[in-house]
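Look at the sequence and structure first.

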Amino acid sequence: MNHEYLDLTGAQPLQVDQHLLKDVLECLTHTILFHRALGFVKPKEVSPGDSSKFEMLSYVKCDDLEMEHAVSEKVKTACETLKKIEGVGQVNLQFFSMPTVGMLGFKKGGSVWEEWAISIDVRNEPAFGSEEEKARKREMELELQKIIWNCVNFVNQKRAHLPPIHGGSQQRHRVDCFPYELVARDPHKKESGSFFSLWRPPSLSS
């Protein structure tokens, strides 16, 4: 199975003021998960003035409380990792194929079939007054909107690597999704960095 690597920011990292970091990561993570959810999905729009600190930007996520809680908690941990990095950090969202059952009944972990990379430069220095702060925020939201469109374009164009789906849950109270992991790391260091699970939903029934 091909491992598709999708770089959403390229050579130009997204500059984010520290107090907006959690909102930005939640926006990007929810956007990707919405497009990779399986089966029945109820969309939920996040508009300026709702639960985010954005003034112009809107995005769509899965209307699923379990997913929202998991993403919020784990993104908070990712923020703590990124704030400790000097310079540009990276967040990678990896999707795995469904675990399979071997001859002796043991489950085999799935392999990575898709990985989304987001380079982020956390800006710690305060703005010089409210006007500069507004200008920074406006510029960041415009760049974030471009990244969201890149995400949508990738989803529409890159389909050959998608793994097969065997069955699916008929439950309507939660969203099915491939197993996924979130990795926050310093790309300039050799060690793997901070590695943790975002949310591991049950395997789809075969």
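This is a predicted model: local features need pLDDT of at least 70, side-chain atom pairs count only at pLDDT 80 or more; totals for chains, interfaces and linings use all residues.

Residues are numbered from 1 along each chain as its sequence is written, and side-chain values use heavy atoms, with hydrogens and water left out.

**Largest cavity**

- A search of the whole structure finds one cavity of 30 Å³ or more. A cavity is a set of points on a 1 Å grid over the protein atoms alone where a 1.4 Å probe fits but cannot get out.
- The largest cavity holds about 30 Å³ of space. Volume here is the space filled by probe spheres set on the points, with grid points joined across faces, edges and corners.
- Its lining consists of L25, L28, T29, V91, L93, I118 and L182; lining residues have an atom within 4 Å of a point.
- α1 (21-36) and β6 (88-96) are the elements that give two or more residues to this lining. Helices (H or I, at least four residues) and strands (E, at least two) are DSSP runs, numbered from the N terminus.
- α1 gives the most, with three residues.
- The lining has six nonpolar residues, one polar and no charged ones. Nonpolar means Ala, Val, Leu, Ile, Met, Phe, Trp, Tyr, Cys and Pro; charged means Asp, Glu, Lys and Arg; the others, Gly among them, are polar.

**Packing of α1 and α3**

- α1 packs with helix α3 (residues 130-157) at an angle of about 15°, with the axes 10 Å apart. Axes are lines fitted to C-alpha atoms over the stretch in contact, and angles run from 0 to 180 degrees between N-to-C directions.
- The two helices are therefore roughly parallel (angles under 35 degrees).
- From α1, the contact (heavy atoms within 4.5 Å) uses V24, C27, L28, T31, I32, H35 and R36.
- From α3, the contact uses M140, L144, I147, I148, C151, V152 and V155.
- By class, this contact has 11 nonpolar, two polar and one charged residues.

**Second largest pocket**

- The second largest pocket holds about 210 Å³ of space. A pocket is an open set with protein on both sides within 12 Å along at least five of seven lines.
- Of its 13 lining residues, Q12, P13, L14, Q15 and E143 are the closest to the centre.
- β2 (14-17) and α3 each supply at least two lining residues.
- α3 gives the most, with six.
- This lining divides into five nonpolar, three polar and five charged residues.

Methods: Angles under 35 degrees count as roughly parallel, over 145 as roughly antiparallel, 65 to 115 as roughly perpendicular and the rest as oblique.
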